[in-house]
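Good morning, and thank you for coming. Please look at the sequence and the structure on the screen, and follow along as I go through them.

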Amino acid sequence: MTRRFLFVLGSSRTESNSEMLARGAAEQLPADVEQEWISLADHPLPDFVDLRHDSDHLRPTEGSAALLLDATLAATDIVIVSPLYWYSVSAPVKRYLDHWSGWLRTPDVDFKATLAGRTLWGVTVLAHAEEEVADPLVGTLSNSAAYMGMRFGGVLLGNGSKPGDVLKDTEALARAKTFFAGEAPLARFPYETE
């Protein structure tokens, strides 16, 4: 299967620090790897309504939900590109992940089976020098991948606050050059042993 990367941009800013870092990493991908970039600011999802015990879910056929569902199902690699907002993913990214709950219950989609074995990655930029403050964001993505039976490639961390700051983070830019290299391990919950 040809690799196809979906970059889900979760910042309210265009050309955010997180996006700049993700684009630096994406430049290293081989030319035959397909890339799709979707900004959640340009394609906002409605608030998620949990209907799992109330009614059947219908597959979205138009709008942002249909675009994101189809792109997610087509991707071999999903890259969540989110600034660190209050120590986790941004609200638009959280809403996107909430929609996964509905897509899990959508007839004829086989969302979990389709994503099983595929890879989830993260890219974030934070204002703290101490990278441990991003642990909740990393945990959100790692545990989501584990639940879905996906691989988890980790989170590429950069530092910055003002627009363009991440371009001064030479260590993050160096890590970006090899971030997507190699095969990611199967995600595991923290309580699981090998």
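Predicted model: local features only at pLDDT ≥ 70, side-chain atom pairs only at ≥ 80, totals over all residues.

Residues are numbered from 1 along each chain as its sequence is written, and side-chain values use heavy atoms, with hydrogens and water left out.

Which ring partner of Trp121 has its plane at 85° to that of Trp121? It is Phe180: the two ring centres are 4.9 Å apart, so the pair is edge-to-face. Rings of Phe, Tyr and Trp (its six-membered ring) pair if their centres lie within 6.5 Å; planes under 30 degrees apart count as stacked, over 60 as edge-to-face and the rest as tilted. Trp121 belongs to strand 4, residues 119-126, and Phe180 to the segment after helix 6 (170-176), so the pair ties together parts that are 59 residues apart in sequence. Helices (H or I, at least four residues) and strands (E, at least two) are DSSP runs, numbered from the N terminus.

Phe180 is buried as well, with a relative accessible area of 6%. The rings of Phe180 and Phe179 have centres 5.1 Å apart and planes at 55°, so this pair is tilted. Phe179 is likewise buried. Ring pairs link Phe5, Phe7, Trp37, Trp121, Phe179 and Phe180 into a cluster, and the structure holds 13 aromatic pairs.

Let us now turn to the chain as a whole. How many helices and strands does the chain have? There are six helices and five strands, and from the N terminus their order is β-α-β-α-β-α-α-β-α-β-α. The radius of gyration is 16 Å, close to the 16 Å that the globule rule gives for 194 residues, so the chain is as compact as a globular protein of that length. This radius is taken over C-alpha atoms, and the rule is 2.2 Å times the number of residues to the power 0.38. Along the principal axes, the C-alpha atoms fill a box of roughly 50 × 35 × 35 Å. Of the 194 residues, 47% are buried. Among contacts with a separation of 6 or more, 80% come from residues 24 or more positions apart, a contact being heavy atoms within 4.5 Å.

Helix 5, residues 135-148, contains Ser142. Ser142 is buried, with a relative accessible area of 16%. Leaving aside residues up to four places away in sequence, Ser142 touches Phe152, Ala187 and Arg188.

Finally, I come to backbone angles. Most residues other than glycine have a negative phi. The loop between helix 3 (91-103) and helix 4 (111-115) holds Asp108, which is exposed at a relative accessible area of 79%.

Note on methods
Buried < 20%, exposed > 50% of the residue type's maximum accessible area, 1.4 Å probe, protein only.
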